[in-house]
Amino acid sequence: MIIAVVDGQGGGIGKAIVERLRAEFPRGSVRIIALGTNAVATGQMLKGGADDGATGENAIVHNMKQVDIVTGVIGILNANAMMGELTPAMAAAIGTSSADKVLLPVNRCGIHVVSVEEAPLGRHIDNAVSVIKNVIAESGSCY
């Protein structure tokens, strides 16, 4: 099972997601790849415990064909999100990927998610990890 974490700018949210995933899934049980829109974001996610990392448009587009689950903030589906770091090609690749998408409802990038519980970012990350566990369990993969 391959989980892609996509983030940009400073990589703080992606790093937090990777840390929570790594706490839940020890090395060797799932492969976590850090896909950053920039090198700083990728580096932060690698520091958080990702197995591998790659940076930029081609890395994100290429890897969306190979991952089982992709996670990050909901803005990764929006072209030109993250102050323009997330290109239209990246958003299209993520949106059309056959991977399960587990997205955090962060109201940024001109996207306002309604009827979702207002909660601290940490709780949204915990909820995302819980959904990822369920997706993996339903797929029949062992970890």
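At what angle do α1 and α2 pack, and how far apart are their axes? The angle is about 20°, and the axes are 8 Å apart. Axes here are lines fitted to C-alpha atoms, for helices over the stretch in contact, and angles run from 0 to 180 degrees between N-to-C directions.

Some housekeeping. This is a predicted model, in which local features need pLDDT of at least 70 and side-chain atom pairs count only at pLDDT 80 or more, while totals for chains, interfaces and linings use all residues. Residues are numbered from 1 along each chain as its sequence is written, and side-chain values use heavy atoms, with hydrogens and water left out. Helices (H or I, at least four residues) and strands (E, at least two) are DSSP runs, numbered from the N terminus.

Back to the pair. α1 and α2 count as roughly parallel to each other; that label covers angles under 35 degrees, with over 145 roughly antiparallel, 65 to 115 roughly perpendicular and the rest oblique. On the α1 side, Gly14, Lys15 and Val18 meet Gln44, Met45 and Lys47 of α2.

Now α1 by itself. Helix α1 covers residues 12–24, and its 13 residues should span 18 Å at 1.5 Å a residue; the end C-alpha atoms are 19 Å apart, which agrees. The expected span is 1.5 Å times one less than the number of residues. Buried in α1 are Ile13, Gly14, Ile17, Val18, Leu21 and Arg22. They sit on the same side of α1, because they cover an arc of only 165° around the axis. Buried means under 20% relative accessible area, exposed over 50%, and partly exposed in between (1.4 Å probe, protein chains only). The arc is taken from the directions from the helix axis to the C-beta atoms.

What do the buried residues of α1 pack against? Their partners are β1 (2–7), β2 (31–36), α2 (39–47), β4 (69–73), β5 (100–104) and α5 (121–139). Contact means heavy atoms within 4.5 Å.

With α5, the angle is about 45° and the axes are 10 Å apart, so α1 and α5 are oblique to each other.

Next, α2. Its buried residues are Ala41, Thr42 and Met45. They fall within an arc of 100° seen down the axis, so they line one face of α2. That set packs against β1, α1, β2 and β3 (52–55). Ala39, Val40 and Lys47 are exposed, on the face turned away from the buried side.

Alanine 99 lies between α4 (88–96) and β5, and it counts as buried at 5% relative accessibility. Leaving aside neighbours within four places in sequence, alanine 99 touches Val67, Asp68, Ile69 and Val70. Its C-alpha atom is 9.4 Å from that of alanine 4, 95 residues apart along the chain.

The other two concern backbone geometry. Most residues other than glycine have a negative phi. Glutamine 9, in the loop between β1 and α1, has a positive phi near 50° and is partly exposed at 35%. Asparagine 80, in the loop between β4 and α4, has a positive phi of about 70° and is partly exposed at 48%.
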